[in-house]
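Morning, everyone. Please look at the structure on the screen while I talk.

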Amino acid sequence: MEAEELIKYFRSIGLEVYTTTKARGHQGFYMKRRIDISKNIPQDRVIPTLLHEFAHYVHSRIEPFIERNSGTLEVLFNTDNIEIIESELLAVTSFVDNQSRCEKLKYHKKLIKEKILDYEKIIKNRYPKFMRSKKFKEFDKYIKNSKAKYLLKHDRIKLVSGLLFKKVEVFTIDNIEKDFTDMPCEFAAYIRLKSCQKRQSRISSKINRLQKYYSKPTELFARFIEGLYLDPERVKMAAPQTYERFIKLLDSGYYPELREVINMY
């Protein structure tokens, strides 16, 4: 199958297809009978992306307003029994799109967790009753009179003082010992621990957002269609019940215009 063949068919059924846009920062984008494919994606990703966006179009034909609510698996597969289907589609998504596994983010989260434990160990050498979930009174007493208190909110700060002769000071969590020579190492460790906790929280939020995105019904369906092109045998193995249900519906004409595209594979 050639990309030009797909695009020609898409246009023949009334879709607008553009391959020279930035696709709103994505590899591809679908909205209101228009498909945009990014001009920056690798050549081997053009056909899978076209199929992915076409799947959104097909979905919108059987379930309107997917842009707002992402649709439902019940309608996509015309069944109320979706637990197995959802599980199988997630398995397909896992190999179709490596990013869906969030492996890099999970790895960085693991490293940060290890750093937090290391900093906690340093603190407990002198303050054995220290607990992350409770106030660190000794630190709070020290920090209120120190410019280092700003590092609890930001890893790097610039303080400007004076009216006529301005004084600029830059502090970072990497240079705590140099900038605050009187600070005990336990307090420096605590500032870095708090910084790691903020980073850990940001990574967790990003993982949650990505997992929520990848588990949307319309995205699960689009990656299923993509997978049927990339590796149909693997899809059948990963999602046997979903595949069987899909083929039954496909043969019955349930998915508008999709059968013609599948026959091009």
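The crossing of α6 and α9 is left-handed: the near helix is turned anticlockwise from the far one by less than a right angle. This is a predicted model, where local features need pLDDT of at least 70, side-chain atom pairs count only at pLDDT 80 or more, and totals for chains, interfaces and linings use all residues. Residues are numbered from 1 along each chain as its sequence is written, and side-chain values use heavy atoms, without hydrogens and water.

Helix α6 covers residues 103-126, and helix α9 covers residues 185-214. Helices here are DSSP runs (H or I, at least four residues), numbered from the N terminus. α6 and α9 pack at about 155 degrees, with axes 9 Å apart. Axes are lines fitted to C-alpha atoms over the stretch in contact, and angles run from 0 to 180 degrees between N-to-C directions. So α6 is roughly antiparallel to α9 (over 145 degrees).

Next pair. Helix α5 (residues 83-96) packs on helix α10 (residues 217-230) at about 55 degrees, axes 9 Å apart.

Methods: Helices (H or I, at least four residues) and strands (E, at least two) are DSSP runs, numbered from the N terminus. Angles under 35 degrees count as roughly parallel, over 145 as roughly antiparallel, 65 to 115 as roughly perpendicular and the rest as oblique.
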